[in-house]
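Here are some notes for a first look at this model.

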Amino acid sequence: MKDNELETIEILKSMIRIISAYYNKKIDGIESADTPNYVNSYNFSLHRHCFCGKENCSLCNTPNFYYRPYGLEVYWYKHLGRGMYIKSNKENLKICELYDMMNHCVMEIENMRYKYDIKNGGGV
Ligand SMILES: [Zn+2]
């Protein structure tokens, strides 16, 4: 399996966990190691907990997950699923809206990689 595909699976696993946390449900079997180190595109960002402890660290001071269209910010303590805190500009998101969000994020990151591959000669 290619690195890009592994990263997409990490994104999907993280987002399933985030969506379940939105409804206060717990899904076992998804560990914090399944979260990508750091992914960032126009509409979303996702990263593991940063253990650096530095006051001015940009990772420590940004949400673990951010989705621009809903203004959704998700924070967790050390491990995805632990002490989670969620806030959003949009109240009471429906499951279909969260599913759209997951789809949107994966499509966006895949399209970004595709454009990058084209720019660099199309090799995968
Ligand atoms: Zn940090």
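1. This is a predicted model. Beyond its neighbours within four places in sequence, I11 is in contact with P36, V39, L46, C105, V106 and I109.

2. I11 also belongs to the largest nonpolar core, which has 17 residues. Together with L46, F65, Y67, V74 and C105, I11 is among the members that touch the most others. Two or more residues of this core come from each of α1, β2 (44-47), β3 (65-67), β4 (72-75) and α2. The largest share, 4 residues, is given by α2. In soluble globular proteins, nonpolar side chains tend to be buried together.

3. How do helix α1 (residues 3-22) and helix α2 (residues 95-119) pack? Their axes are 10 Å apart, at an angle of about 160 degrees. An angle over 145 degrees counts as roughly antiparallel, and α1 and α2 are therefore roughly antiparallel to each other. Their crossing is right-handed.

4. On the α1 side, the contact is made by N4, T8, I11, L12, M15, I19 and Y22. On the α2 side, L98, M102, C105, V106, I109, E110 and R113 take part. By type, the residues of this contact are 10 nonpolar, 2 polar and 2 charged.

5. K78, in the loop between β4 and β5 (85-87), is not a glycine, yet has a positive phi of about 65 degrees. K78 counts as exposed because it has 12 C-beta neighbours inside 10 Å.

6. N92 lies in the loop between β5 and α2. N92 is not a glycine either, and its phi is positive, at about 45 degrees. With 7 other C-beta atoms within 10 Å, N92 is exposed.

Technical notes. Residues numbered from 1 in each chain as written. Predicted model: local features only at pLDDT ≥ 70, side-chain atom pairs only at ≥ 80, totals over all residues. Axes fitted to C-alpha atoms, helices over the stretch in contact; angles between N-to-C directions. Parallel < 35°, antiparallel > 145°, perpendicular 65-115°, else oblique. Left-handed = near helix turned anticlockwise from the far one by under 90°. Contact = placed C-beta atoms within 7 Å. Nonpolar A, V, L, I, M, F, W, Y, C, P; charged D, E, K, R; others polar. Core = buried A, V, L, I, M, F, W, Y, C linked by C-beta atoms within 7 Å. Buried ≥ 20, exposed ≤ 12 C-beta atoms within 10 Å, placed from the backbone.
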